[in-house]
Amino acid sequence: MLRSDIIVGMKIREVRAFGLRGRTPEGGWSNELRPDDCVHTIVAVLTDEGPVGWGSVFTSEDLVRASLAVLRPLYEGESAIEPERVSEKLHQNTFWQGRGGAITHTISGIDLALWDLFGKTCGQPVGRLLGGRYRERVRPYASLLMREPEQMSDELLPVKQQGMRAFKIGWGPFGKQSTKVDEAIVRAARDVVGPDSMLMVDAGASDAFWPRDFKWAVRTAEMLADYDVAWFEEPLVPDALEDFVALRRVSRVPIAGGEVLTRRQSFRPWLEAGAFDIVQPDVTKVGGLSEERRIAWMAREHGVRFIPHGWNTAIGLASDLQIASAFPETDLVEYLTGSLFIDDLLTNKWKLDADGMLPIPDCPGLGVDIDLDALAEFTGRPDVRDLLR
């Protein structure tokens, strides 16, 4: 823990962006991602006293760098230990510069890094600073792409053998071919994971030119109920608020969504209308932990379950774990298995316990240590250490 005089006076000196490339995992989008595509960017907040805070942005490096150029006059010289105030300053001063887009995404990464610094300077895990820890471990659910029915065993079985007890399958051919194929995929998945494991289905309707409509979603929800599916995620195109409300009223399976929304103001009409049983804000794009915890409390007040969606890098997962520790009903986090940006970006590796649970780090900040050699490899920047000085 730092001296109190340093804590009070520590300022933001610079924010660096490091785009991750070369190991980009499949994403399920129509135009499939290639390994060298950059859609995840790590940010480092450098301070005048030396400590570094780490954040993550679900946006390409080019957009993050452009956003940082806009934001720099606002954050440079600001307090490094006041995440909510500083993030709100950035939001309030960029209404006309792309509110809800790349700038909001970039503010998310800065906000996470500031919470990381706040925890490090206080000597406390971020979850405790968010109000207190309700749990010391949480169940991760493996997030996997759908394949053809005959391939689902090869996709799921190795993950089950690692100790996972909850699984979400999504995107791929689902909703693209026929209702028979859809059901065959779900049946094959249930057969592999068994009756005692959680199984969730993500239609991925935020895919470009999603081909299915409301009636398909209703019929599919009925089919999923027969396989004891825990929730049906993104069953409709992201802007179909009225259809989400109508689907939730008739579906026997809980309806989940919200990962494409940003800032708390965007979530309010969906929560007030009753569009979700489960809301899934993404901490790496929604505005960081400062915004996400406000959304989470708003969801709780409307009887909606909050399950975070910051799965895309080790920093996103670490942030999800910390906020999951601070909310009483948040007992699941998404875990994209097989992604080196999650599994190999840290010196302290993730490890399931004997019950298939993921321990929540209790060391200061977000509780993770970036492997700078891995960061240099994934960014193609051998000068990473120099850039952090």
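Student: Arg263 to start: buried or exposed?
Tutor: Buried, because its relative accessibility is 2%. Buried means under 20% relative accessible area, exposed over 50%, partly exposed in between, with a 1.4 Å probe and protein chains only. This is a predicted model, in which local features need pLDDT of at least 70, side-chain atom pairs count only at pLDDT 80 or more, and totals for chains, interfaces and linings use all residues. Residues are numbered from 1 along each chain as its sequence is written, and side-chain values use heavy atoms, with hydrogens and water left out.

Student: What's the phi of Arg263?
Tutor: Positive, about 65°, although Arg263 is not a glycine. Most residues other than glycine have a negative phi. Arg263 sits in helix 10, residues 263-273. Helices (H or I, at least four residues) and strands (E, at least two) are DSSP runs, numbered from the N terminus.

Student: Which other residue has a positive phi although it is not a glycine?
Tutor: Trp171, with about 60°. Trp171 lies in the loop between strand 5 (166-170) and helix 7. At 9% relative accessibility, Trp171 also counts as buried.

Student: New topic. What is the order of the open sheet of three strands?
Tutor: The order is 1-2-3, with antiparallel pairing. Two strands pair if DSSP finds at least two bridges between them. Strand 1 (12-19) and strand 3 (52-57) are the edges; each has a single partner strand, so one side of each lacks a neighbour in the sheet. Neighbouring strands are turned by 20° against each other on average, direction ignored.

Student: How many bridges join strand 1 to strand 2?
Tutor: Seven, and strand 2 covers residues 41-47. Val15 is opposite Val45 of strand 2.

Student: Which helix lies across strand 1, strand 2 and strand 3?
Tutor: Helix 2, residues 61-75, running at about 175° to strand 1. Axes are lines fitted to C-alpha atoms, for helices over the stretch in contact, and angles run from 0 to 180 degrees between N-to-C directions. Contact means heavy atoms within 4.5 Å.

Student: At what angle do helix 2 and helix 4 cross?
Tutor: Roughly 70°, and their axes come within 9 Å. Helix 2 and helix 4 are therefore roughly perpendicular. Angles under 35 degrees count as roughly parallel, over 145 as roughly antiparallel, 65 to 115 as roughly perpendicular and the rest as oblique. Among the residues that meet there are Leu63, Val64 and Tyr75 in helix 2, and Ile103 and Ile110 in helix 4.

Student: Why call helix 4 largely enclosed?
Tutor: Because 18 of its 21 residues are buried. Just after helix 4, Gly123 takes a positive phi of about 70°.

Student: And helix 12, how many of its residues are buried?
Tutor: Twelve of the twelve, so helix 12 is largely enclosed by the rest of the structure. They include Asp320 and Gln322.

Student: Last one. What angle do helix 7 and helix 8 pack at?
Tutor: About 30°, with the axes 11 Å apart; helix 7 is residues 179-193 and helix 8 is residues 214-225. That makes them roughly parallel. The contact includes Asp182 and Val186 of helix 7, and Trp216 of helix 8.
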